[in-house]
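Subject: Structure handover

Hello,

Here is the structure I promised to pass on. Please open it first, then read my notes below.

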Amino acid sequence: MNRAVSVAVTGAGCLCAAGPDLDSCLAALFSGKRAPAPPRLFATGHSVPYPVFEVGENFFPATCPADPGLLRTARLAIAAAGQALADAGWEAEELTGLRVGVAVGTTVGSAMNNEEFYRDFRSGNRPGMAAIRHFLASNPAAAVARRFYLNGPLQTVANACSSGSDAVAVGAQWLRQGLCDLVIAGGADELCRTTYNGFVSLMITSPEAVRPFDRDRRGLNLGEGAGFLVLESAALEQARPGRTRARLVGCGAACDAHHLTAPHPQGMGLKRALREALAPLRDDWSGIAFVNAHGTGTLDNDRVEGMVLGELLPQVPFHSTKGFTGHTLGAAGGVEAAFTVACLGLGRIPASVGCDHPDPQLPVAPVQQVTALAGRYALSQSLAFGGNNTVLLFEKGERP
């Protein structure tokens, strides 16, 4: 799927274990600080306390208090979307009269609040409908639209770990088609016991802090959070000069359908998605400053992703930010898109934390120190279960 796009990115917001906002997250990334820990949100019976990256309650802004009628993923989405709008310079009342769309990628979404409901049901009881009401009220795209009184199209994308990146591509497509004036697009996902147990059962969860692309990597750490971009039409961009942080100039998506969970051994889907994202640059890829790799720390993902980067972009610096956030699943593409846009503006990227001993079997290695950038473009990659691959290409904007 080739989506030729050129869309202004005027705002970015992020809430994850690395920090309560984008600036705090960047400070953690560049300082190398991270703090994975055993889960506190739920209890499990595993003998190994597999570490996760949780969002502390103190990270939620005062404008987004706990709501018994709203599930955690929707709350994360509202918090990060509000940050992105503020970063873009929009007040809620200014959006009245504009066609504002919301596209949110998620995997856990609001669907994992049902353990007690089904436990009661299987025991022959008649459980109350509170869990169902919470589920229906907590669609993250609809929750964001309600919070900010938006009236444009809504889409919740559930396409495994590429969901957040896919949502950004959907939002760009809406703008290209003239369906919106502005789109809030990204991803949100919460930690829950069902997902935690599922990844442990797949035997791809590390018992220690994740080490993307390291020779001794043992798997991923799960995380939670939300990351959003504000995308604007050409008319709005012209009416608000000086607001453009970056431009989304290319999107590529491909499904190799090789396996339910493993990437294609030769990275066929990722290669195709990369080439499609880079199509607007034609054959001149010399301006690519860096790649924000998916970099989960699993054996297969890092092997395939390293192989593809070594083949197509061997001289381009890359890093993984999952060492600071954990794998936030459907939120990852949104969180990492926000990081990519911010690093482009800063002109540097942080070290790929956890990679102390680069895997000698890979043709390339991530950066191991803060690295200054040379180039105007950056890629953000998402590799997902089911063989889904999505790549976003950003160009540096006028606003730092």
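At roughly what angle do the axes of helix α9 and helix α10 cross? The answer is roughly 45°, and the axes come within 10 Å. Here α9 covers residues 268-278 and α10 covers residues 299-312.

First, some ground rules. This is a predicted model, where local features need pLDDT of at least 70 and side-chain atom pairs count only at pLDDT 80 or more, while totals for chains, interfaces and linings use all residues. Residues are numbered from 1 along each chain as its sequence is written, and side-chain values use heavy atoms, with hydrogens and water left out. Helices (H or I, at least four residues) and strands (E, at least two) are DSSP runs, numbered from the N terminus. Axes are lines fitted to C-alpha atoms, for helices over the stretch in contact, with angles from 0 to 180 degrees between N-to-C directions.

**Two helix pairs**

Back to α9 and α10. They are oblique to each other (under 35 degrees is roughly parallel, over 145 roughly antiparallel, 65 to 115 roughly perpendicular, the rest oblique). Leu 270, Lys 271, Leu 274 and Arg 275 of α9 meet Glu 305, Val 308, Glu 311 and Leu 312 of α10 (contact means heavy atoms within 4.5 Å). These residues divide into 4 nonpolar, no polar and 4 charged (Ala, Val, Leu, Ile, Met, Phe, Trp, Tyr, Cys and Pro are nonpolar; Asp, Glu, Lys and Arg are charged; the others, Gly among them, are polar).

Now take α1 (residues 22-31) and α12 (residues 332-346). Their axes come within 11 Å and cross at roughly 75°. That makes α1 roughly perpendicular to α12. Leu 22, Cys 25, Leu 26, Leu 29 and Phe 30 of α1 touch Ala 338, Phe 339, Ala 342, Cys 343 and Leu 346 of α12. This contact has 10 nonpolar residues, no polar and no charged.

**A serine in a strand**

Ser 382 sits in strand β13 (residues 377-383). It is buried, at 0% relative accessible area (buried is under 20%, exposed over 50%, partly exposed in between; 1.4 Å probe, protein chains only). Among the residues Ser 382 touches are Cys 161, His 294 and Asn 388.

**Two loop residues**

Ala 160 has a positive phi of about 55°, though it is not a glycine. Its loop lies between β4 (154-157) and α6 (163-176). Ala 160 is partly exposed, at 22% relative accessibility.

Met 203 is not a glycine either, yet has a positive phi of about 60°. Its loop runs between α7 (193-201) and β6 (222-223). Met 203 is exposed, at 74% relative accessible area.

Best wishes

Note on methods. Lists of a residue's contacts leave out its neighbours within four places in sequence.
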